[in-house]
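Please consult the sequence and the model shown below.

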Amino acid sequence: MEIDLSQVTTGPFTLYTIETGRFRLDGGAMFGVVPKTLWARQVEADDKNRIPMAMRSLLVHSEQTGKLYLIDNGIGTKFDEKYEAIYQVDHQHSNLLGSLSHHGFAPRDITDIIFTHLHFDHCGGTTFYDEQGVLQHTFPRARYYVTTSHWETARHPNAREKASFFDDNIKPIQESGRLTLVEDGHIYEEGLSSLVVNGHTLGQQLPVIKANQQTVVFAADLLPTASHVPLPWIMGYDMRPLRTLEEKEDILNRAATEGWFFFMEHDSRNEVIQVDKKNEKFTARTGLTLDDLAD
Ligand SMILES: [Zn+2]
């Protein structure tokens, strides 16, 4: 790994970037009804029409409780070669354990894992197969948090969403005895809560960190990349795209007014963005990192 991993302290929280690897997804699916002539100006597709995607988790250390929260954990290593080729999984660029250790942390240090949702590129790092082929938990002490409505969806997915939930991701979480189901607006502790959106999948929770007069929102799959800031740019993967449209408008209005920072999980070029609203249109202020919070 030869990438920069940033960190910043805001109030009682220190935030650390955890790059867990790169992969590629179909560009058409990533931009829904937007034609390729438009999205291809924003991002370059490969010969299979795939675009590069980050899997960037956020580690949050709280000085007030001593807890160490990890938000999502990437695609993991349980893939066979066929899937790795389809998604061009790249753990040379970066990986979960390497990024944790870069910041001086080991898996057993993590006390809480907040899952935005359980699609395979968000929770695959929770477990791995050891050399004997036995499934093991990566974070032996961590409590897992998922919303009630999303947990129901993951256990009984519809036929269109089923391909995003893998048994070897979901079952060990279910059987761990360490799962806590939470509701919309759950408060993990003072200054760390979550905001639930339902367009991409039911019960996706976006962690919100408020400290030192700053608001940081983990954008997850509400805004996978900075290119998804304009309202009609919505993923074909979303289960309820019109719901996403309403949720984006509401959240982007608040973000533009209050100067929120969005931490970008999937944007391969932008770690952090802010949003401006001019003439009823939203635009992204790009090229930011966690360092831009320190003022
Ligand atoms: Zn997703």
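Predicted model: local features only at pLDDT ≥ 70, side-chain atom pairs only at ≥ 80, totals over all residues.

- His 200 is found in the loop between strand 11 (192–197) and strand 12 (204–211), and Asp 221 in the loop between strand 13 (214–218) and helix 8 (241–258), so the pair ties together parts that are 21 residues apart in sequence.
- Both His 200 and Asp 221 are buried.

**Largest pocket**

- The largest pocket holds about 380 Å³ of space.
- Its lining comprises 23 residues, and those nearest its centre are Leu 25, Tyr 87, Phe 120, Ser 164 and Tyr 237.
- Two or more lining residues each come from strand 2 (13–26), strand 3 (50–62), helix 3 (81–87) and helix 5 (120–123).
- By class, ten residues of this lining are nonpolar, six are polar and seven are charged.

**Second largest pocket**

- The volume of the second largest pocket is about 210 Å³.
- It is lined by 15 residues, with Gly 76, Thr 77, Leu 96, Leu 97 and Gly 125 closest to its centre.
- Helix 4 (96–102) and strand 6 (127–129) are the elements that each give two or more residues to this lining.
- The lining of the second largest pocket has four nonpolar and eleven polar residues, and no charged ones.

Notes. Residues numbered from 1 in each chain as written. Heavy atoms only, no water. 1 Å grid on protein atoms, 1.4 Å probe; cavity = no way out; pocket = protein on both sides within 12 Å on 5 of 7 lines; lining within 4 Å. Points joined across faces, edges and corners; volume = space filled by probe spheres on them. Helix = DSSP H or I, 4+ residues; strand = E, 2+ residues; numbered from the N terminus. Nonpolar A, V, L, I, M, F, W, Y, C, P; charged D, E, K, R; others polar. Buried < 20%, exposed > 50% of the residue type's maximum accessible area, 1.4 Å probe, protein only.
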